[in-house]
Amino acid sequence: MNNRFLVLAAPVIFLLLWSAGYAVAKLGLEHAPPLTILALRYASVLVILFPIALILRPPFPRRPVEWAHIAFVGFLIQVCYFGISYASFIAGMPAGTFAIIVCLQPILVAIAAPYWVGESISRWGWVGLFLGLTGAVVAVVARGHLGGTPILGLALSVVALLAITSGTLWEKRFGGNHHPVASNIIQYAVGTAFTLPAAYVFEDMHIRWNGEFVFVMLYLILGTSLLAMTLLLAMIRAGEVARVSALFYLVPALAALFAWPILGEAMPPMAWAGMALAGAGVALVSRKSKA
């Protein structure tokens, strides 16, 4: 019963934490540059995890190749995906357009899954994937967040899409069942090693400390980096990668929903319809095949 509850609760908790993180991160950008936020976030996660590791003494990977696989996933998601996502925003990429591009991730995963991890997609699964994509596009377009699309921002968004797709597939094939504390320490060490020097070189690293920024960092560190990322990697290892990836269809609409109370960005009726359509698509993808 407890295991079933965790299986049902994990996607919900992940979606809520991950989706709200966009609005929270946007608040943070009012107080510090993006790479500085990422470097501070990752380094803070390590400060939290090291004492926990000393107490729990979790088993770390024994073989160098296992360390390499975990580190590579950390590089793809923490450095490439998050870092390049912020870079695309700096280059003038509208958030809505970026969300639509990232919504292609479940489609790319579904195409690659049969060849990379040996998972096939049913006909209803494909219907759900395209239905989810349509719903996500409707939700974003309804909010009028498309805007102009600079070439550099578009190119960076595509790289970010490939990074999160590759990280998802790599984790499914090579991730293994490592202890979450050990995996997180390795991945966030990689994230810190890349983002901290980049922030030093490209940004002034000035932070305007106040209560709001402290809240932002606590949320990004505890909610997104520790809990949401741990749930995402656990779901990828335990489930079918295409079904897990389909959850990302709900992120743009839910992010818009959280932006309403946090940032004062209202949700028009058509956006609610898009959210419902995306949810229906995810439900189809999540159905257990009877074939």
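**Exercise 1.** Find which residues N184 is in contact with, leaving aside its neighbours within four places in sequence.

*Solution.* Start with the place of N184, which is helix α8; helices (H or I, at least four residues) are DSSP runs, numbered from the N terminus. Next, look for contacts, meaning heavy atoms within 4.5 Å. With neighbours within four places left aside, N184 is in contact with L49, A189, L226 and T230. Finally, check the burial: N184 has a relative accessible area of 5%, so the residue is buried. Here buried means under 20% relative accessible area, exposed over 50%, and partly exposed in between (1.4 Å probe, protein chains only).

A word on the model before you go on: it is predicted, so local features need pLDDT of at least 70 and side-chain atom pairs count only at pLDDT 80 or more, while totals for chains, interfaces and linings use all residues. Residues are numbered from 1 along each chain as its sequence is written, and side-chain values use heavy atoms, with hydrogens and water left out.

**Exercise 2.** Work out how many residues the largest nonpolar core has, and which element gives the largest share.

*Solution.* First, the term: a nonpolar core is a set of buried Ala, Val, Leu, Ile, Met, Phe, Trp, Tyr and Cys residues joined through side-chain atoms within 4.5 Å. The largest one has 55 residues, and F14, L15, W18, Y81, F82, M229 and L232 have the most contacts inside it. Elements that give two or more residues to this core include α1 (2–28), α3 (64–90) and α9 (211–238). The largest share, 14 residues, comes from α9.

Now zoom in on two members. W18 touches Y81, F82, A228, M229, L232, F248 and V251, not counting residues up to four places away in sequence. L15, found in helix α1, is buried, with a relative accessible area of 8%. Beyond its neighbours within four places in sequence, L15 is in contact with L247, L250, V251 and L254.

**Exercise 3.** Decide whether G132 is buried or exposed, and find its contacts.

*Solution.* Locate G132 in helix α6 (residues 123–142). Its relative accessible area is 0%, so G132 is buried. Leaving aside neighbours within four places in sequence, G132 is in contact with Y249, A278 and G281. Then compare chain and space: G132 and G274 are 142 residues apart along the chain, and their C-alpha atoms are separated by 8.8 Å.

**Exercise 4.** Find how many salt bridges the structure holds, and name the partners.

*Solution.* Look for a side-chain nitrogen of Lys or Arg within 4 Å of a carboxyl oxygen of Asp or Glu, which is what a salt bridge is. The structure holds one. Its partners are R63 and E66, with the closest N and O atoms 3.7 Å apart. R63 has a relative accessible area of 49%, so this residue is partly exposed. As a reminder, side chains of opposite charge can pair when their charged atoms come close.
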